[in-house]
Amino acid sequence: MNLLTKRAEYLLPIILISLATLLFLPGRAYFAKGQWALLYLPVIVFIASRYGVKASVLTAVLAFFTWNYFFLPPFHTLFIDDPKDLLSLLVFLLVGIVVGLQTAKLKEKEAAQARLDALREADKLKSNFISSVSHELKTPLASVMATVTNLLEKDIAWNETEARGELESVRSDLDRLNTSIGSLIDFSRLESDSWQSKKAWYGVGEILGSTLAAFPEKRRQRVEIDLPNELPQMKADFVQLSRVFQTLLENALVYSGEKSKVRVGAQDNGDRLKIWVQDEGPGIPEAELTAVFKKFYRGAAAEKFPSGVGLGLAIAAEIIKSHQGKIWAENIKPHGARIVIILPKEGIK
Amino acid sequence: MSTPEKSPKILIVDDEEQILRALKSILSARKYKVVAAHNGEEAIDLAIDHNPDLIIMDIVLPGIGGVETCRELRGWYTGPILMLTVKSDEEEKIRALDSGADDYLTKPFSAGELLARVRALLRRSAKAMTAPATISAGDLTIDLAHRRVRCAEVEIDLTRIEFDILSYLAQNPDRVLTSKMILEKVWGPEYRDDTQTLRVHMSHLRKKIEPHSAVPRHIMTEPGVGFRFVI
């Protein structure tokens, strides 16, 4: 593909000049030789405006020789009878070079614009990142600070139940902070390639079991796991896949009602292993189904829920990619979101 | 729980003052005696002076570092050593265990998690005299004397190897056992590298004893390290 576009720069002049010549040839008898030269100019201008100087010089030279060969008497020789005809070559070259240079300038300008756009995009991403990170880190921190200093105030004698209630909320804020910081660290490790997967044979359930063990009992009870008993093992990085499951479970639990179930399933599809996590929440807006895997992306629902730094699914996607697998989001009936992971056969035993 | 007149002595080693403070607070509230060191050299000196029942040590220490300190301590110290690690460091964990640590705990941890590890390690060193005849974990009852296992009152048929693995794990609850340790204990030292065999037997064992065969609740995998029995 790339090779073809690169070669087009040199192939197209040859093709177009040949076509033009074929087109002009039947009318050779009706016009004087000079007029035919003019007819090659649009071809030169066209090539020059698309491919720049090098291609247009090639076109100009080609045009001159074909014009010379087919339209300059004596026909079918490269003999130049009249030195003034060399002027045509000069004009061809001049037009080609001037237009070609102009094109190059234009292209350079476009490229500069594109670079600028990319930079602006990166800047926007960066500022999104900084604002979401500082929001995600500062919100629980602010809440911890407020709660703890409140407990420390001497104007109220807190009874144990009250104090415990306050401390429970501190604990959940700290969990949230821990998750956010973990995401940031994992993401930078993945970005810098310093988190290579170390694959070994594991069962899906084995990884899920240890992932779930880290969840508080109350949330764990909302998770229903339905794995076939004879699910094959797969070759995977335990810690990385556990990270993926943690994100998917966390999201499913957060984005659906407190009493609703989160279901985890898996299926042996012969050449692949399919694993999914689904919730009974409102689902993901159709327009966001792919965007949710982008880094720092926070969906419309992020306003309503404590949504983290917007890296969880990006990290998951990166990990699944390194396992040569696929991951996507879909909505289910009557309502809910489902994240599906496909792991390829080479990794399955 | 420990009795006040003979409360275990714990040496804590960390260069971060906040962590030392938190550890001290959690442990002394449970009537453990606490001695604190800020680096490896100090830890070795204090371990010689106090002969603690347990050492809790951060793996990252200024100077000679946690792993090296652990190795030096192991020259003569026979009590349990618990390492504090960070999540991303699987290799560090393995190096810590190889250098003689008995277990590790990932930061940040809750007081409950810390105390569970501390009790598990202290229990192990005091185990010799009080080996229980049966162990219960959820629906699971393991009768060590008669080599019988029941799950929700239903007798489970285990092979000799499976029972040996289970009883070794269950006698060390909440404690990581490396694949090497299990292989040595159940099969013998010459089989210590045969991790594939262990995985096969482990998978059969899990199918028999776990309430949901596909998702373990009792025998948890510690990736790249080994297994941990959770009651």
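Modeller: A crossing is left-handed if the near helix is turned anticlockwise from the far one by less than a right angle, and right-handed if clockwise. Please bear in mind that this is a predicted model. In chain B, the crossing of α2(B) and α3(B) is right-handed.

Colleague: Which residues of α2(B) and α3(B) make the contact?

Modeller: From α2(B) come G40(B), A43(B), I44(B) and A47(B), and from α3(B) come G66(B), E68(B), T69(B), E72(B) and L73(B). Sorted by class, this contact has 4 nonpolar, 3 polar and 2 charged residues.

Colleague: At roughly what angle do the axes of these two helices cross?

Modeller: Helix α2(B) covers residues 40-50 and helix α3(B) residues 66-73; their axes come within 9 Å and cross at roughly 25 degrees. Angles under 35 degrees count as roughly parallel. The helices α2(B) and α3(B) are therefore roughly parallel to each other.

Colleague: Let us turn to sheets. How do strands of a sheet pair?

Modeller: The strands of a sheet pair through backbone hydrogen bonds, in either a parallel or an antiparallel arrangement. In chain B, 3 strands form an open sheet in the order β10-β12-β11, with antiparallel pairing.

Colleague: Which strands of this sheet stand at the edges?

Modeller: These are β10 and β11 of chain B; each has a single partner strand, so one side of each is left without a neighbour in the sheet. On average, neighbouring strands of this sheet are turned by 30 degrees against each other, direction ignored.

Colleague: How many bridges join β11(B) to β12(B), and which residue stands opposite T221(B)?

Modeller: Strand β11(B), residues 219-222, is joined to β12(B) by 4 bridges, and the two run antiparallel. Opposite T221(B) stands F227(B) in β12(B). The hairpin of β11(B) and β12(B) has 3 residues between the strands, and G224(B) takes a positive phi near 75 degrees there. On the β10 side, strand β10(B), residues 176-178, pairs with β12(B), residues 226-229, in the antiparallel sense over 3 bridges. Within that pairing, V176(B) stands opposite R228(B).

Colleague: Which helix lies across these strands?

Modeller: Helix α6(B), residues 160-170, lies across β10, β11 and β12 of chain B and runs at about 65 degrees to β12(B).

Colleague: How many helices and strands does chain B have in total?

Modeller: Its secondary structure comes to 8 helices and 12 strands. Of the 231 residues in chain B, 34% are buried. Among contacts in chain B with a separation of 6 or more, 56% are between residues 24 or more positions apart.

Colleague: May we read strand pairing in chain A as well? Which strands are joined to β5(A)?

Modeller: Strand β4(A), residues 262-268, is joined to β5(A) by 6 bridges, and these strands run antiparallel. The bridge partner of D268(A) in β5(A) is L273(A). Their hairpin has 3 residues between the strands, where G270(A) takes a positive phi near 80 degrees. Strand β7(A), residues 337-344, is also antiparallel to β5(A), through 7 bridges. There, V277(A) has I339(A) in β7(A) as its bridge partner.

Colleague: Where is Y297(A) placed, and why does Y297(A) count as partly exposed?

Modeller: Y297(A) is in the loop between β5(A), residues 272-278, and α9(A), residues 312-322. A residue is buried if 20 or more other C-beta atoms lie within 10 Å of its own, and exposed if 12 or fewer. Y297(A) counts as partly exposed because it has 18 C-beta neighbours inside 10 Å. Leaving out residues up to four places away in sequence, Y297(A) touches A291(A), V292(A) and G310(A). L311(A) is 14 residues from Y297(A) in sequence, with 7.4 Å between their C-alpha atoms.

Colleague: Finally, how many residues of each chain are in contact with the other?

Modeller: In chain A, 19 residues are in contact with 16 residues of chain B. On the side of chain A that touches chain B, α5 (160-191), α6 (204-213) and α8 (238-254) each supply at least two residues. Helix α6(A) gives the most to this side, with 6 residues. By class, this side of chain A has 9 nonpolar, 7 polar and 3 charged residues.

Methods: Residues are numbered from 1 along each chain as its sequence is written. Chains are lettered from A and ligands numbered from 1 in the order in which they are written. This is a predicted model: local features need pLDDT of at least 70, side-chain atom pairs count only at pLDDT 80 or more; totals for chains, interfaces and linings use all residues. Two residues are in contact if their C-beta atoms, placed from the backbone, lie within 7 Å. Ala, Val, Leu, Ile, Met, Phe, Trp, Tyr, Cys and Pro count as nonpolar, Asp, Glu, Lys and Arg as charged, and the others, Gly among them, as polar. Two strands pair if DSSP finds at least two bridges between them. Axes are lines fitted to C-alpha atoms, for helices over the stretch in contact, and angles run from 0 to 180 degrees between N-to-C directions. Angles under 35 degrees count as roughly parallel, over 145 as roughly antiparallel, 65 to 115 as roughly perpendicular and the rest as oblique.
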